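Thanks for coming. I will go through a few places in one structure, one after another, and keep it plain.

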Amino acid sequence: MVTTKQRPPFRAEHMGSLLRPKALSEKRIQLDSVKALEIVRDKELHTLEDEAINEIVKVQLDIGFHAITDGEYRRHQFWGTFFPNLEGFEEIQNPEWDMFRPYVPDTAAFTETGHKPGESIVCTGKIKHAGSAYISDWEYLKSLVPAERVKELKVTLAAPEWYHLRYKKGRAYPSSVYANDEEYFADIAAAYRTELQILYDAGCRNVTIDDPNLAYFCSEKMLAGFEADNESAPALLSSYIRLYNSCISSRPADMHLGIHLCRGNFAYSKHFSEGGYDRIASSLFNDIAADTYFLEYDTERAGYFAPLKELPADKNVVLGLITSKFGELEDLGAMKRRVHEAAEVVAEAVGQSREEALKRMGVSPQCGFASHHLGNSVSREDMINKLKLVRELADSIWPGEP
């Protein structure tokens with residue numbers, strides 16, 4: 001486990017996805033019906049991505065961020081192409097609705113609006129890593145910063161249970177391929193271990209797994225759906241925690257691993273679920289071998305700080321206090337008070353002073369600005385002002401620290 005002095009995490013963070021330039025979004029819209037792995041081969045799109053990434057990296061450097069990303073500009077949605085890039089998975093264009101758990105929050109939201117539930121990737125055969133989904137993006141990103149800054153750059157990864165939770169029991173994989181979840185998860189985990197090692201060997205030391213699914217286990221509606229189906233949501237969550245630990249079991253000690261939880265962040269600032277962290281805090285913070293938790297805390301939808309009492313003394317938390325969904329700027333003084341309030345909870349639980357607790361904390365927006373390429377209901381100016389506010393808030397609490 002990392003020490004509290006390690007960087008990353010940094011005092012000022014963001015989640016990775018940033019608003020796309022108009023030309024890039026328009027090109028993505030043109031390619032909307034094209035499969036994910038075919039989209040990445042479009043040369044015009046690739047050129048637009050390069051230009052946009054060059055510009056957004058400079059923006060982040062100028063504002064003073066250290067965990068710089070490529071804005072996720074090469075992705076249609078935040079999870080990218082990890083799963084379709086694996087042998088044994090296939091993207092289907094018109095999925096049957098009855099394969100989905102209708103009470104999983106993002107699926108429920110799509111059903112209500114008549115949209116398809118994002119890319120639908122299904123397991124069709126034995127799962128095997130067949131080449132890195134992220135390495136080319138990483139190599140381009142690291143070429144844009146000085147060599148000494150490469151270790152700070154951040155890569156965001158898809159959640160390992162992403163294409164399991166959304167499907168009904170028995171529909172995530174063919175029974176002729178995997179006899180049970182344990183077999184299926186074992187091959188998913190092996191693929192993650194391979195991916196992490198490839199990134200590490202290329203110089204990556206900072207990864208965050210974006211995982212709304214874990215936060216969905218705070219949703220009363222989803223839990224009621226599992227109960228109605230006579231399934232145990234706590235047992236499923238426990239299996240996902242074991243999957244996480246298997247995925248990251250061989251990561252090198254100097255590779256920082258973060259997990260970001262939110263309650264959905266679809267196009268035009270749509271969220272999917274509600275519920276505080278109370279139900280999952282103990283297992284989330286204590287049972288997953290992660291270093292840092294990036295937690296949504298911009299509205300009452302995410303609950304209050306009390307669950308932070310479960311955070312162990314050797315782990316970090318980044319408070320997502322500043323919303324990425326709307327343009328109105330938060331009050332700096334109010335945000336600073338909230339950080340101190342959270343620090344009191346973190347400190348008391350492990351017998352630390354507030355100042356000691358603050359050494360394990362940082363601040364960020366509550367989620368990305370464009371988890372879907374269409375982006376949230378904010379302007380580019382709004383986004384930059386929000387990022388500047390994050391940096392200003394961090395400087396007001398931890399002056400002189402990155």
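Let me start with a pair of helices. H12 and H14 are oblique to each other. Why oblique? Angles under 35 degrees count as roughly parallel, over 145 as roughly antiparallel, and 65 to 115 as roughly perpendicular, with oblique for the rest. H12, which covers residues 332-350, packs against H14 at an angle of about 55°, so the pair counts as oblique. Their axes are 10 Å apart. Before I go on, please keep in mind that this is a predicted model.

The crossing of H12 with H14 is right-handed. Which residues make the contact? On the H12 side they are Leu332, Met335, Lys336, Val339 and His340. On the H14 side they are Leu389, Glu392, Leu393, Ser396 and Ile397. Sorted by class, the residues of this contact are six nonpolar, two polar and two charged.

Now a second pair, H7 and H10. H7 is residues 181-201 and H10 is residues 233-247. These two helices pack at an angle of about 35°, and their axes are 8 Å apart. H7 also passes H10 in a right-handed crossing. From H7, the residues in the contact are Phe185, Ile188, Ala189, Tyr192, Arg193 and Leu196. From H10, they are Ser239, Tyr240, Leu243, Ser246 and Cys247. By class, that gives eight nonpolar, two polar and one charged.

Next, a residue in a loop. Asparagine 376 sits between strand S8, residues 361-365, and helix H14, residues 380-397. Is asparagine 376 buried or exposed? Its relative accessible area is 5%. The cut-off for buried is under 20%, so asparagine 376 is buried. What does its side chain reach? A polar atom of the asparagine 376 side chain lies 2.9 Å from the backbone oxygen of serine 324.

On to a strand. Tyrosine 293 is in strand S6, residues 292-296. With a relative accessibility of 0%, tyrosine 293 counts as buried. Which residues does tyrosine 293 touch, if we skip those up to four places away in sequence? The list is Ile259, Leu284, Phe285, Ile288, Leu311, Lys315, Asn316, Val317 and Val318. In sequence, tyrosine 293 and lysine 315 are 22 residues apart, and in space their C-alpha atoms are 8.1 Å apart. Their side chains are joined by a polar contact of 3.2 Å.

One is alanine 23, which is in H1. The other is arginine 28, also placed in H1. Alanine 23 has 41% relative accessibility and counts as partly exposed, whereas arginine 28, at 4%, counts as buried. Alanine 23 is 25 residues from leucine 48 in sequence, and the C-alpha to C-alpha distance between them is 7.5 Å. Arginine 28, leaving aside neighbours within four places in sequence, is in contact with Ile39, Leu45, Glu49, Tyr73, Arg74, Arg75, His76 and His373.

Last, the backbone. Most residues other than glycine have a negative phi, and most peptide bonds are trans.

Where is the cis peptide bond? It runs from proline 8 to proline 9, with omega near 0°. Proline 9 is in the segment before helix H1, which is residues 22-30.

The other two places concern phi. Glutamate 72 is not a glycine, and its phi is positive, near 60°. Glutamate 72 lies in the loop between helix H3, residues 43-63, and strand S1, residues 87-92. Asparagine 230 is not a glycine either, and it has a positive phi of about 60°. Asparagine 230 is in the loop between helix H9, residues 220-228, and H10.

Are these two residues buried or exposed? Glutamate 72 has a relative accessible area of 1%, so it is buried. Asparagine 230 has 73%, and exposed means over 50%, so asparagine 230 is exposed.

That is the end of my list.

Conventions:
Residues numbered from 1 in each chain as written. Predicted model: local features only at pLDDT ≥ 70, side-chain atom pairs only at ≥ 80, totals over all residues. Heavy atoms only, no water. Helix = DSSP H or I, 4+ residues; strand = E, 2+ residues; numbered from the N terminus. Buried < 20%, exposed > 50% of the residue type's maximum accessible area, 1.4 Å probe, protein only. Polar contact = N/O pair within 3.5 Å; in protein donor to acceptor, adjacent residues only side chain to side chain. Axes fitted to C-alpha atoms, helices over the stretch in contact; angles between N-to-C directions. Left-handed = near helix turned anticlockwise from the far one by under 90°. Contact = heavy atoms within 4.5 Å. Nonpolar A, V, L, I, M, F, W, Y, C, P; charged D, E, K, R; others polar.
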